[in-house]
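Here is a short report on one chain. It starts with the overall fold and ends with a single residue.

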Amino acid sequence: MQFRTILTLIGLLGVLGSVPAPAQGQASGLNASDAVILEMREAFAKGQTSRLTELLPRTGGHVLAPWAAYWELRVRLETAQPEEISRFLSRFAGTYQEDRLRNDWLLLLGKNRDWARFVQEASSFRMQDDREVRCYVLAMEHTLARVDMSREAKTLWLAQKNSDEGCAYAVQTHLDSQLLSAQDVWEKVRSALELRRLAAARQAFDMVVLQAGPQWTALTAGPEQFLVQTTLSNQRQTQELVVLALIRLAQSDPQRAAELLAGRWQKHLGQNQRDWAWAAIGTQAAQKLSNDALEFFAHSKSSAMQDEHLAWYARAALRQGDWRRVLSAIEAMTSGTAAETTWIYWRARALLALPGSDDAVRQQARQLLHSVAGVQGFYELLALEELGRPITPPPLPEPLTEAEKAAASSNPGLQRALAAIALGLRNEGVREWNYSANLHTPGGMSDRELLAAADLACRHEVWDRCINTSERTRNVMDLTQRFPMPHKQAVLARTRDIGLDPAYVYGLIRQESRFVVDARSGVGASGLMQVMPATARWTAKKIGMTSFQPHQITDRDTNIAIGTGYLKLVLDDFAGSMPMAAAAYNAGPGRPRAWRGQPGAPVLEAAIWVENVPFSETRDYVKKVLANTTIYAAMLSGRTQSLKARLGQVGPAEGSLTENRELP
């Protein structure tokens, strides 16, 4: 950042207490000061400015006093005096709350185009993890110093999931200076619409289309009608609107979109537009597991496709066993995407599967597998097996010293995080913990510091922070931290009683809740095994828990009993297929039944089936659950394990198999 230049231009322009040992969830027996903190958090959520100001003096000396001060000032940030904000930042210097408020203030300063104050604060911003703040920096540098930041502005804008003012403004400033073009904006609209990020797509659309509302409604609400009724034209805006309508139609009916593109619009679009439209149609067909996907992709050029298109091109080719196209798609990806473990693994497999591969090609494939093989994840484990190497836990790192443990225990940010979690303020505690471990100093904690912080979380039974912190180590690995086994007696007893693999249950719980007993998801799932209320009621009846009440779902033993009971029913319904049962646990049993294909569909290697799961959340979930299961099995048994054996194959249901259609 060119702060010295900017500052020159602007010049020309005129105490912590001791922490109680926390447990997960809200502590019982609250004292008066704890109750004040909780009341302030509730007042903050409701935007009750006067109540926050009234309560703040009663928080002095509390370990979470910095949070109380942050809530009180944050809720009235837009009307606070700059001197008051500066006093807060000085008083809480070095804390998460200081940097959090600075982040909030930078967003406000950027929105108000107050570049003089913005640049003064931006140089002290430690987190540097807010894309919108960075976009304001780019806009400021271009506005004040005429620095060309268009490339980074476009990259950040394309990556944003939602619409935000900062990145849109950074792009607009460069668009106005002709450092970005309308083509760059159309690319954003296309990609956002493909990913169903409608607000972000509409924000970009408004930049390049006058009176955008009616046209946007027409092409998104009735894309087929738009494509049929729009007058044929080679005019640029019409072409772009047609591409958007084809993308939108393909999301529901890729075959019809292909018909309209080939029969009506193909000759009226430019080469780039045709390539993108066919790639988008191929992507939607691949996500619907259609055998037509490869045909649609064939109308486009790999070199013209986006990484998201190429990923689905590769997946469709995997389903068809077309290893040459798998390789072609991966080789066309940008370097960052091609370097992901997923595509390194499948590139190696494609090289090995190509007919007539010579020793040099096979050696290249083995080198690719060696580069990712390990126990860190799904494809790392599969790479080990491809190389014929055993899946065994790595050696533990050197034990932590008392000094290392003491340093973690005395870290103020970690102290506050544990205290917040103990009081039931999990969101605040997790944010402060992550900041302390990853962002407080450049590069985050060292490996030994991360191990010590993870150990602190483990000792306080804050298992999610234990796991996530330990997973950040770069050169050492402690699987006992990454794969803890709390509630072991309860899990082993229950799984033994119903004939379920305890490693599978542990693998699922680790992914579902990170062992947070009272975890609740945004959609209402609860407890260790994240059971939905309706599923809990249904399963309780099936397994004979006649006295079950909804409030019991976060009780540890009740949750384990219901969660394992449901998992066993699902696993039996899918004839013991762990990947299909995991997919059903995440997305409901109806979807994996459809994803396995109708009679006559091919039987697939399960890794290929998993990679073609249309929902990215479920695809990632299944991989992680099965990888977790394999590691837990090795730890529980002390013997090497096989992920491939657990995966097996997936194909259409056998005719003799009776599906349990009652499963929720």
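What radius of gyration would a compact globule of 664 residues have, and what does the chain have? The rule gives a value near 26 Å, and the chain has 28 Å, which agrees with a compact globule. This is a predicted model. Its C-alpha trace spans about 70 × 70 × 55 Å along the principal axes.

**Fold and surface**

The chain holds 39 helices and two strands. Of its 664 residues, 54% are buried. Some whole-chain values follow.

| Property of the chain | Value |
|---|---|
| Radius of gyration | 28 Å |
| Distance between mean positions of positive and negative charges | 2 Å |

The chain carries 74 positive and 70 negative charges. Their mean positions are 2 Å apart.

**Confidence**

The pLDDT averages 93 over the chain, and 95% of the residues score at least 70. Residues 1-27 have a pLDDT below 50. In the model, this stretch still has 62 contacts beyond near neighbours in sequence.

R593 sits in helix α36, which covers residues 590-595. Is R593 buried or exposed? Its relative accessible area is 9%, so R593 is buried, because the cut-off for buried is under 20%. Which residues does R593 touch, leaving aside neighbours within four places in sequence? The contacts are D573, F574, E659, N660, R661 and L663.

Note on methods. Residues are numbered from 1 along each chain as its sequence is written. This is a predicted model: local features need pLDDT of at least 70, side-chain atom pairs count only at pLDDT 80 or more; totals for chains, interfaces and linings use all residues. Side-chain values use heavy atoms; hydrogens and water are left out. Helices (H or I, at least four residues) and strands (E, at least two) are DSSP runs, numbered from the N terminus. The radius of gyration is taken over C-alpha atoms; the globule rule is 2.2 Å times the number of residues to the power 0.38. Buried means under 20% relative accessible area, exposed over 50%, partly exposed in between (1.4 Å probe, protein chains only). Lys and Arg count as positive and Asp and Glu as negative; His and the chain ends are not counted. The place of a charge is taken as NZ of Lys, CZ of Arg, CG of Asp or CD of Glu. pLDDT is the predictor's confidence in each residue, from 0 to 100. Contact means heavy atoms within 4.5 Å.
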